[in-house]
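Subject: Structure for you to look at

Hello,

Here is the structure I promised to pass on. Please open it next to this email and follow along.

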Amino acid sequence: MPELPEVEITVRRLDAALSEARVESALAPGMNVMKTFEPALEALAGRTITGLRRIGKMPVVEFGDLALLIHLMSAGRIRVFDKRAGSKDRASRVLVRLENGRELRLREFGTKQRAWAKLLPTDDVANDEAVARLGPEAWPAPPLEHFAELIDQPRHLHPLLRHQGDIAGIGRSWVDEILWEAKLSPFKQGSELSEKEVERLHTALHVLGDAIEHYETEIGEQLPDKIPMPLKVHKREGAPCPRCGTTIEAVYFSEHQTNYCPKEQTDGRVLKDRRLSRLLK
Ligand SMILES: [Zn+2]
């Protein structure tokens, strides 16, 4: 799933490519993708794209006083194409047809239809329930004092950092990188952290900014479908830790996994595999 750095580079590239592009028509081939009905997508015809930006993990496409707020969920992607999607393109969810045959396309891969979009007055975006419930952006990092308050909860760091209502932009990939950078266990609770550990975790958020810088140099004008992420520990089980050489371990959950360096993050302990322990019950 695209997280803060991937969505950031996506909106930067699309903003550069689409600024002032005129909309010919807009439609939603994806059933149930539009969560709003008024104004209708047709209201975009004749408008120009005035900018793209990001809120948490959500791209926002602005057309003057109307904005399309998009939630990519796990398999949604937005890209611009030089040609229009064929009517049989099953991945198409929202198509914004532009002048010169170009098309801004929200697509979703896989069988599930979860990605959604809302067409709203631009002024109402901040008050939309999906936006209003978000915590502060993870990058640039909130002030240390504010971060210390929001992390002071009796919950494991792994779900806590991914909970968009507490801090926005971090998902299953970057949470592993941030915790590894901070040398903290994913199963340590936020309220258990010492002052030093909170500082370390706060500082570790720079990996998000580093990733954006990496993408700025690595990704050209054309966005690939799958942005190659510069991950050091996530999904690297069995590989040596890039810092100390210890074998990276994994804990598997039903829909995701977390990776960590046992030497540096869990005092040498290899954590129980939750998938395995459930099967053995
Ligand atoms: Zn290590």
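This is a predicted model: local features need pLDDT of at least 70, side-chain atom pairs count only at pLDDT 80 or more; totals for chains, interfaces and linings use all residues.

**Zinc site**

Which residues hold the zinc ion? Cys241, Cys244 and Cys261 coordinate it through SG, and Glu264 through OE. The distances are 2.1 to 2.3 Å. The site is tetrahedral, with angles of 98 to 117° among the four donor atoms. For reference, the ideal angle for four tetrahedral donors is 109.5 degrees. Along the chain, the donors follow the spacing C-x2-C-x16-C-x2-E.

**Val233**

The loop between H7 and E9 also holds Val233. Its relative accessibility is 0%, so Val233 counts as buried. Beyond its neighbours within four places in sequence, Val233 contacts Asp176, Glu177, Trp180, Ile248 and Asn259. Val233 and Thr266 are 33 residues apart in sequence. In space, their C-alpha atoms are 14 Å apart.

**Nonpolar cores**

The largest nonpolar core has 59 residues. Leu68, Ile170 and Leu201 have the most contacts inside it. Helix H1 (residues 4-18) gives the most to this core: six residues.

What does Ile170 touch, leaving aside its neighbours within four places in sequence? Its contacts include Ala138, Leu161, Val175, Ile178, Leu205 and Leu208.

Four strands form an open sheet, in the order E1-E6-E7-E5. The pairing is antiparallel. The edge strands are E1 (23-27) and E5 (76-81), and each pairs on one side only. The twist averages 15° from one strand to the next.

Take E1 and E6 (residues 92-98) as an example. Four bridges join these antiparallel strands. Val23 stands opposite Leu98 in E6. H1 packs on the sheet and touches E5, E6 and strand E7 (103-108). The direction of H1 makes about 25° with that of E5.

**Backbone details to check**

Most residues other than glycine have a negative phi, and most peptide bonds are trans.

- Glu38 to Pro39: the peptide bond is cis, with omega near 0°. Pro39 lies in the loop between E1 and strand E2 (51-55).
- Trp139 to Pro140: this peptide bond is also cis, with omega about -5°. Pro140 lies in the loop between helix H2 (129-132) and helix H3 (144-151).
- Glu20: phi is positive, near 75°. Glu20 lies in the loop between H1 and E1. Its relative accessible area is 53%, so Glu20 is exposed.
- Asn100: phi is positive here too, near 65°. Asn100 lies in the loop between E6 and E7. At 72% relative accessibility, Asn100 counts as exposed.

Best wishes

Technical notes. Residues are numbered from 1 along each chain as its sequence is written. Side-chain values use heavy atoms; hydrogens and water are left out. Donors are N, O and S atoms within 2.8 Å of the metal (3.2 Å for Na, K and Ca); water is not among the atoms, so sites may look incomplete. Four donors count as tetrahedral if all angles lie between 85 and 135 degrees; four count as square planar and six as octahedral if opposite donors are over 155 degrees apart and all others between 65 and 115; anything else is irregular. A nonpolar core is a set of buried Ala, Val, Leu, Ile, Met, Phe, Trp, Tyr and Cys residues joined through side-chain atoms within 4.5 Å. Buried means under 20% relative accessible area, exposed over 50%, partly exposed in between (1.4 Å probe, protein chains only). Helices (H or I, at least four residues) and strands (E, at least two) are DSSP runs, numbered from the N terminus. Contact means heavy atoms within 4.5 Å. Two strands pair if DSSP finds at least two bridges between them. Axes are lines fitted to C-alpha atoms, for helices over the stretch in contact, and angles run from 0 to 180 degrees between N-to-C directions.
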